[in-house]
Amino acid sequence: QVQLAESGGGLVQAGGSLRLSCAASGLIFSIKIMGWYRQAPGKQRELVASVIDGRSPNYADSVKGRFTISRGSAKNVVYLQMNSLKAEDTAVYYCQMNVAALGAPRDYWGQGTQVTVSS
C-alpha cells in the first residue's frame, strides 16, 4: 500500500516563507507525476503546481514567481517552496502523486497540511 506523508505547514506572516514536503512510502516502481493542490474554506480544491518526470513544472497563475515545486534527490519526495506568502494562500495543501506500484498507475493523496498566512 502506497502512502503519502506531508509536513511543513504552519502559521506565517504575510511576506514570509514556508517549505512543504511530501514523501511516498510503500512498494513503488515509479512516480511520473507529482503535484500540490490546495483547498480554502468554501472553495474547490485547485492545482497549485505539478511536475511531470522530464518536463518543466506547471504553476497556477496565482503562485507563479512565488512558489517552486521540486523533486528530491530521493525520487519519492516532492517539495513546495512558498515565498512572499499572501493571506489568500491560506488553505489546506495536499500532495498528489501518480504512482506505478503493483497494478496500473493511479493517483494517491496525502492527508493535507494546513497553511495559514496572517495579514
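Let's start at Gln114, which sits in strand β11 (residues 113–118); strands here are DSSP runs of E at least two residues long, numbered from the N terminus. Gln114 is partly exposed, with a relative accessible area of 39%. For that label, buried means under 20% relative accessible area, exposed means over 50%, and partly exposed is in between, using a 1.4 Å probe and protein chains only. Along the chain, Gln114 and Gly9 are 105 residues apart, yet their C-alpha atoms are separated by 5.4 Å.

Before going further, a word on what you are looking at. This is a predicted model, in which local features need pLDDT of at least 70 and side-chain atom pairs count only at pLDDT 80 or more, while totals for chains, interfaces and linings use all residues. Residues are numbered from 1 along each chain as its sequence is written, and side-chain values use heavy atoms, with hydrogens and water left out.

Now to the cysteines. A search of the whole structure turns up one disulfide, a disulfide being a pair of cysteine sulfur atoms within 2.5 Å. The partners are Cys22 and Cys95, with an S to S distance of 1.9 Å. Cys22 belongs to strand β3 (residues 18–25) and Cys95 to strand β9 (residues 91–100), so the bond ties together parts that are 73 residues apart in sequence. Both Cys22 and Cys95 are buried.

Ser17 is partly exposed, at a relative accessible area of 40%. Its C-alpha lies 12 Å from that of Ser118, although 101 residues separate Ser17 and Ser118 in sequence.

The charged end of Arg19 sits over the ring of Tyr79, 3.9 Å from the ring centre. Arg45 lies over the face of Trp109, at 4.8 Å from the ring centre. A charge counts as sitting over a ring if NZ of Lys or CZ of Arg is within 6 Å of the ring centre and within 35 degrees of the ring normal.

Two loops are worth a stop as well. Ser84 is found in the loop between β8 (77–82) and β9, and its phi is near 50°, a positive value in a residue other than glycine. Ser84 is partly exposed, with a relative accessible area of 41%. Gly65, in the loop between β6 (58–59) and β7 (67–71), is exposed, with a relative accessible area of 82%. The C-alpha atoms of Gly65 and Met82 are separated by 9.7 Å, and the two residues are 17 apart along the chain.

Finally, look at the largest pocket, which holds about 190 Å³ of space. On a 1 Å grid over the protein atoms alone, a pocket is an open set of points where a 1.4 Å probe fits, with protein on both sides within 12 Å along at least five of seven lines; lining residues have an atom within 4 Å of a point. The lining has 13 residues, and Arg38, Lys43, Glu46, Glu88 and Asp89 lie nearest the centre. By type, the lining divides into two nonpolar, four polar and seven charged residues, where Asp, Glu, Lys and Arg count as charged, Ala, Val, Leu, Ile, Met, Phe, Trp, Tyr, Cys and Pro as nonpolar, and the others, Gly among them, as polar.

One of these lining residues, Lys43, has its place in the loop between β4 (30–39) and β5 (46–52). Lys43 is exposed, with a relative accessible area of 58%.

Definitions and conventions
Helix = DSSP H or I, 4+ residues; strand = E, 2+ residues; numbered from the N terminus. Points joined across faces, edges and corners; volume = space filled by probe spheres on them.
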